[in-house]
Amino acid sequence: MALLDDIRTRYGLPSDQEILRGLERGETLPAEFYFAPEIQDLEQERIFSKSWQYACHESKVAKPGDYAVTTAGNIPIIITHGRDGEVRGFVNVCRHRLHAIATEDGNKPLLQCPYHGWTYGLDGRLTSAPRSERESGFDCSSRSLIPVAVERWDQWIFVNPDTGATPLAEVTRDIRARTDELNTDLREYEFQVRYEYTMDCNWKVWAENAVECYHCPTLHRSSFGRTYDTGPDDYSVAAQDRDRTIWNSGPIKWLPGDAEPERLKGFRFAFTFPSSFFALDDYVGFVGSVLPLSPERCWAFVDMYAKPGADEDIVKAWLEMWDQTLVEDKRATDCQQIGYRSARVRNGRLMLDSEHPLRAFMKATFTALSA
Ligand code: FES
Ligand SMILES: [Fe+2]
């Protein structure tokens with residue numbers, strides 16, 4: 001029996017067809033998808049270990065010897081810039097007894113595991129292991145770090161633990177024209193601060209919050225909803241089912257001082273399944289990702305950038321506005337989790353005119369899990 005069938009029996013879930021029909025009608029995924037540990041295990045196996053996820057900005061590994069640590073789902077990852085100029089990615093787990101090779105970013109000619117000193121080249125090859133000459137038949141060449149796929153999305157480095165994965169450029173083909181334009185500007189922006197948030201909710205609750213703005217006029221009335229036009233005719237959302245990307249955009253409506261919002265490009269936001277996103281307006285931009293920590297906890301980071309030369313008061317106000325927005329999101333998603341956990345309302349009902357990207361996200365999740 002397929003793994004999902006075991007879960008179905010255990011939680012009394014409807015059939016695949018019923019779940020899919022429900023999604024078509026605008027029902028959400030059943031509540032159990034948001035707290036069952038078995039679903040989380042399946043997501044790690046079928047989503048996070050096979051999907052492209054944002055790893056780091058290219059500046060983190062700009063020079064030979066640079067390396068950066070990150071995570072793809074629950075898989076620790078290290079990105080390296082080799083002496084041959086090649087940027088590679090590996091599972092950040094030593095082939096001896098599974099300690100991390102590095103726990104923070106750095107620059108070294110070789111990577112030495114801090115536990116017993118096995119040493120790897122930046123190309124992942126094991127070059128030496130203390131006392132290996134005393135082991136008969138020990139073969140360094142068969143103990144290289146496990147490679148992962150690495151690809152750039154302009155200045156952003158993405159990883160996929162599946163080395164046979166469809167190239168990122170193909171996965172994101174439909175949204176590229178929009179993100180190319182967005183990145184033309186974002187590339188110039190300067191890093192300001194990393195915001196981090198730990199939520200007491202399933203990672204999907206947080207991701208779903210990030211891809212709709214139906215909640216903006218209420219939840220964010222004094223933050224995001226005050227800054228941008230978030231009404232149904234002003235704020236647009238689009239989902240590309242085929243490439244599993246989501247796009248949001250909306251005009252700026254409020255500025256401190258006397259700047260004129262109508263001359264600005266406004267807010268633009270791109271999300272790629274399952275967990276990575278980047279956004280931009282005329283003052284700040286950001287990139288980030290959400291990661292599951294457990295079935296009912298997740299962590300998100302958001303790296304904030306600012307346009308060089310932009311009005312400092314506006315940039316400051318914008319950075320504060322984003323932190324306030326994300327704290328408000330956390331409060332809401334933590335509260336939703338209590339509702340999901342009760343399993344008393346098995347399916348929510350989406351407002352599809354505004355929330356159809358959530359349906360695309362839920363379909364992508366369900367399709368991956370039931371594959
Ligand atoms: S776990 Fe890395 S050297 Fe022992
Ligand atoms: Fe929000």
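Analyst: The crossing of H6 and H9 is right-handed (a crossing is right-handed if the near helix is turned clockwise from the far one by less than a right angle, left-handed if anticlockwise). The contact, meaning heavy atoms within 4.5 Å, involves Val205, Trp206, Glu208 and Asn209 on H6, and Leu326, Asp329, Thr333, Gln336, Gln337 and Tyr340 on H9. By class, this contact has 4 nonpolar, 4 polar and 2 charged residues (Ala, Val, Leu, Ile, Met, Phe, Trp, Tyr, Cys and Pro count as nonpolar, Asp, Glu, Lys and Arg as charged, the others, Gly among them, as polar). H6 spans residues 203-210 and H9 residues 312-342; their axes lie 9 Å apart at an angle of about 130 degrees, so the two helices are oblique to each other.

The model is predicted: local features need pLDDT of at least 70, side-chain atom pairs count only at pLDDT 80 or more, and totals for chains, interfaces and linings use all residues. Residues are numbered from 1 along each chain as its sequence is written, chains are lettered from A and ligands numbered from 1 in the order in which they are written, and side-chain values use heavy atoms, without hydrogens and water.

Helices here are DSSP runs (H or I, at least four residues), numbered from the N terminus. Axes are lines fitted to C-alpha atoms over the stretch in contact, with angles from 0 to 180 degrees between N-to-C directions. Angles under 35 degrees count as roughly parallel, over 145 as roughly antiparallel, 65 to 115 as roughly perpendicular and the rest as oblique.
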